[in-house]
Amino acid sequence: MILSREPGDCRGLVLLGVLLGNLWETGCSLIRYSVPEELERGSRVGNISKDLGLEPWELTERGVRIVSRGRTQLFALNPRSGSLVTADRIDREELCIGAMKCRINLEILMEDKGKIYGVEVEVRDINDNAPYFRETELEIKMSENAATGMRFPLPHAWDPDVGKNSLQSYKLSPNPHFSLEVQNGADGNKYPELVLERALDREEKAAHHLVLTASDGGDPARSGSARVRVVVVDANDNAPAFSRPEYSLSVPENVAVGTALLAVNASDPDEGANAEVRYSFRYVDDKAAQVFKIDSNLGTISTIGELNHEDSGFYEMEVQAMDSAGYSARAKVLITVLDVNDNAPEVVVTSLTSSIPENSPRGTVVALLNVNDQDSGENGQVICSIPGKLPFKLEKSYGNYYRLVTDTVLDREQIPSYNITVTATDGGSPPLSTETRISLDIADTNDNPPIFPQASYSAYIPENNPRGASIFTVSAHDPDCDKNAQITYSLAEDTLQGAPVSSYVSINSDTGVLYALQSFDYEQLQDLQLQVVARDSGDPPLSSNVSLSLFLLDQNDNVPEILYPTLPTDGSTGVELAPRSAEPGYLVTKVVAVDRDSGQNAWLSYRLLKASEPGLFSVGLHTGEVRTARALLDRDALKQSLVVSVQDHGQPPLSATVTLTVAIADSIPDVLADLSSLESPDNSETSSLTLYLVVAVAAVSCVFLVFVILLLALKLRRWRSLRLLQAAGNGLAGMPASHFVGVDGVQAFLQTYSHEVSLTTADSRKSHLIFPQPNYADTLISQESCEKSEPLLLSGDSAFSKDNHALIQVSLY
């Protein structure tokens with residue numbers, strides 16, 4: 001702020017404002033103002049918003065504030081006008097006593113950018129202090145024989161102002177005996193001296209009263225006065241004299257209270273009482289008077305208070321030696337207080353961010369720190385550091401400010417928060433340090449998709465499961481937190497056997513539990529391939545997939561199905577023929593069965609449960625072949641009844657039974673006769689043997705011609721088929737005689753057998769039946785061929801399976 005009464009200063013301020021504007025445009029970060037002292041509170045210092053390149057309303061919005069430390073705030077910001085104003089009375093003499101230039105430094109923080117601007121305010125002196133004497137009344141003793149021209153020091157006036165406002169001249173009241181001379185000291189001060197112009201005569205006048213006036217050069221000028229009483233004493237014509245005019249001493253600030261620092265020495269050539277000298281401080285400021293004292297007899301200067309380099313690093317005193325006659329001498333004492341590293345650095349967190357997102361770019365400002373050490377020199381040089389393993393670094397900012405910024409991209413999933421220790425260490429010996437801890441939380445961002453512990457899952461489900469049963473649980477983990485870690489599960493859209501997967505299985509979106517929507521049948525469906533999608537609730541959401549294979553486990557829910565022998569459709573009982581001359585091990589027939597289950601549930605075992613003649617026949621455990629266990633005897637009945645059980649290996653096992661009828665005879669007529677005479681348990685007494693014989697002979701006679709024609713045709717077709725099979729299926733010839741029939745993927749081979757039958761008849765009553773050695777052939781029958789093949793011919797016909805290209809010949813009965 002420039003006062004209107006100083007037009008020259010106004011022009012200077014205008015030039016200073018232009019200079020500051022140019023410096024600001026060129027990027028200078030120091031703003032300078034100049035104001036006179038003693039301004040009223042709220043007086044304008046300068047337009048800080050304009051110098052910062054802002055509008056006044058932006059000061060509050062952008063967090064512009066003063067962050068100066070160490071003294072009472074003398075300035076404030078006016079957010080309405082955008083000006084820097086005084087916040088308290090500014091007394092230049094109180095702030096910068098003895099200094100020619102008084103500058104106040106403060107810092108302006110722009111918080112949104114984390115930038116510091118330096119402001120220097122020069123306080124100009126005004127003439128608000130009049131010169132004054134510490135001793136308003138002074139008595140000077142002069143010997144009456146003092147020679148003219150002798151000089152006597154007068155009290156020195158003080159004016160806290162500087163420049164032309166400081167002390168400029170001294171004036172002595174008119175007196176015939178004395179005149180005034182002003183000496184200019186090497187320190188720039190003016191020292192008045194009383195000069196004796198005429199010899200004194202005590203008898204004429206014992207005391208002279210003078211007035212010494214000190215004036216400054218202000219406008220208007222100010223002045224102060226002191227009374228000087230000159231007492232004329234008897235002859236003592238020698239004044240004390242110091243051994244040297246100036247004493248200098250350097251002392252560390254941690255010296256103990258009461259330590260003697262130095263001793264001044266003044267000698268007087270007189271003898272006796274006139275040579276006795278007493279020492280005192282002729283001039284000492286208030287601060288020095290509280291710290292030092294001088295022994296009046298010895299001239300020893302010692303401390304009475306603690307020295308502090310930070311409060312004052314230099315003291316200047318004037319020592320006076322006076323003898324009993326009032327003659328005195330003066331000398332200067334200069335004491336320099338050396339700095340000792342007794343102050344640890346101070347770290348103040350000016351601006352702090354408690355939380356930053358984990359995707360913050362490198363260089364993001366976390367905190368703004370101000371570092372200060374009250375010591376000087378190397379003791380006041382501070383270095384700030386943080387642990388090297390942290391992803392942060394310190395950058396030097398304006399002055400003693402540091403910025404704590406991120407050095408790398410942060411990851412909350414690895415470290416969610418940091419406790420950063422900032423260590424400030426000075427350059428003293430030994431060095432002192434201060435630690436400041438800053439806590440920083442890392443805010444989460446959705447940068448991690450849900451993760452499944454496994455790349456794929458497999459589960460096994462028994463068939464015939466209840467609908468709605470829980471079959472499996474998938475679980476994903478998201479390293480993020482809060483809503484970014486909330487996972488929702490779903491099934492990827494897909495079809496299975498023409499139907500959507502969602503019609504087979506559903507999933508709980510919150511827990512990941514899968515439920516079966518229907519009861520599965522292993523015979524229709526063996527496995528399900530699913531894709532489970534886990535999606536978090538972030539913005540934008542992230543997702544991941546995992547494959548899930550559901551395999552059905554077969555249960556023993558199908559009874560073995562007997563394919564051969566089949567039940568007759570005409571109500572009669574199928575009969576197998578066995579020659580009476582059959583040797584042990586003769587293949588009579590074979591029971592063929594299949595099981596729609598799989599695995600051990602489809603492994604079949606054949607057992608003979610019941611036989612009309614125990615021990616005569618045996619059944620292969622795994623083949624189902626019915627063979628003779630011993631040679632047939634004449635006593636063995638012509639009709640044998642066998643009950644064969646087919647059982648799987650499931651838990652619990654399931655089984656089926658079939659009843660076989662085996663006829664034993666040596667010739668066809670005997671067989672027919674025997675068959676006619678066979679009595680069933682139900683109607684043995686009502687059957688007619690004659691009727692059966694007539695029907696049998698008529699049937700044989702009629703069928704014989706057809707049989708011969710068919711036999712020739714079949715022989716020709718078989719020869720042709722064997723030629724085709726030999727070219728296409730040579731692998732079947734080496735197969736073993738007994739194999740399994742497979743259902744639902746189980747391969748089986750069915751062993752069939754054929755007999756060449758020769759009938760010779762002389763007339764209608766006799767027939768001759770010949771049983772040559774059996775001829776075996778192995779034929780492969782699959783489930784499809786069993787379902788699509790033509791029915792077996794049980795009356796002497798032969799059937800050829802077109803699907804399997806195999807010839808099946810059935811025995812005649």
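A salt bridge here is a side-chain nitrogen of Lys or Arg within 4 Å of a carboxyl oxygen of Asp or Glu. Under that definition, Arg 151, Glu 181, Glu 193, Arg 282, Glu 318 and Arg 330 are joined in a network of salt bridges. The total by this rule is 25 salt bridges.

Before the individual pairs, the conditions. This is a predicted model, in which local features need pLDDT of at least 70 and side-chain atom pairs count only at pLDDT 80 or more, while totals for chains, interfaces and linings use all residues. Residues are numbered from 1 along each chain as its sequence is written, and side-chain values use heavy atoms, with hydrogens and water left out.

Now the pairs. Arg 89 and Glu 38 form a salt bridge through their side chains, at 2.9 Å from N to O. This pair links distant parts of the chain, 51 residues apart: Arg 89 is in the loop between β5 (83-86) and α4 (92-95), and Glu 38 is in the loop between β1 (30-36) and β2 (44-46). Helices (H or I, at least four residues) and strands (E, at least two) are DSSP runs, numbered from the N terminus.

For accessibility, buried means under 20% relative accessible area, exposed means over 50%, and partly exposed is in between, with a 1.4 Å probe and protein chains only. Arg 89 has 45%, so it counts as partly exposed. Glu 38 is partly exposed too, at 27%.

Next, Asp 407 and Arg 362: their closest N and O atoms are 3.1 Å apart, in a salt bridge. Asp 407 is partly exposed at 22%, whereas Arg 362 is exposed at 60%.

Is Asp 375 buried or exposed? Asp 375 has a relative accessible area of 6%, so it is buried. It lies in the loop between β28 and β29 (382-385). Its side chain makes a polar contact with the side chain of Asn 343, at 2.8 Å. A polar contact is a pair of N or O atoms within 3.5 Å; within protein, one must be able to donate a hydrogen and the other to accept it, and residues adjacent in sequence count only if both atoms are side-chain atoms.
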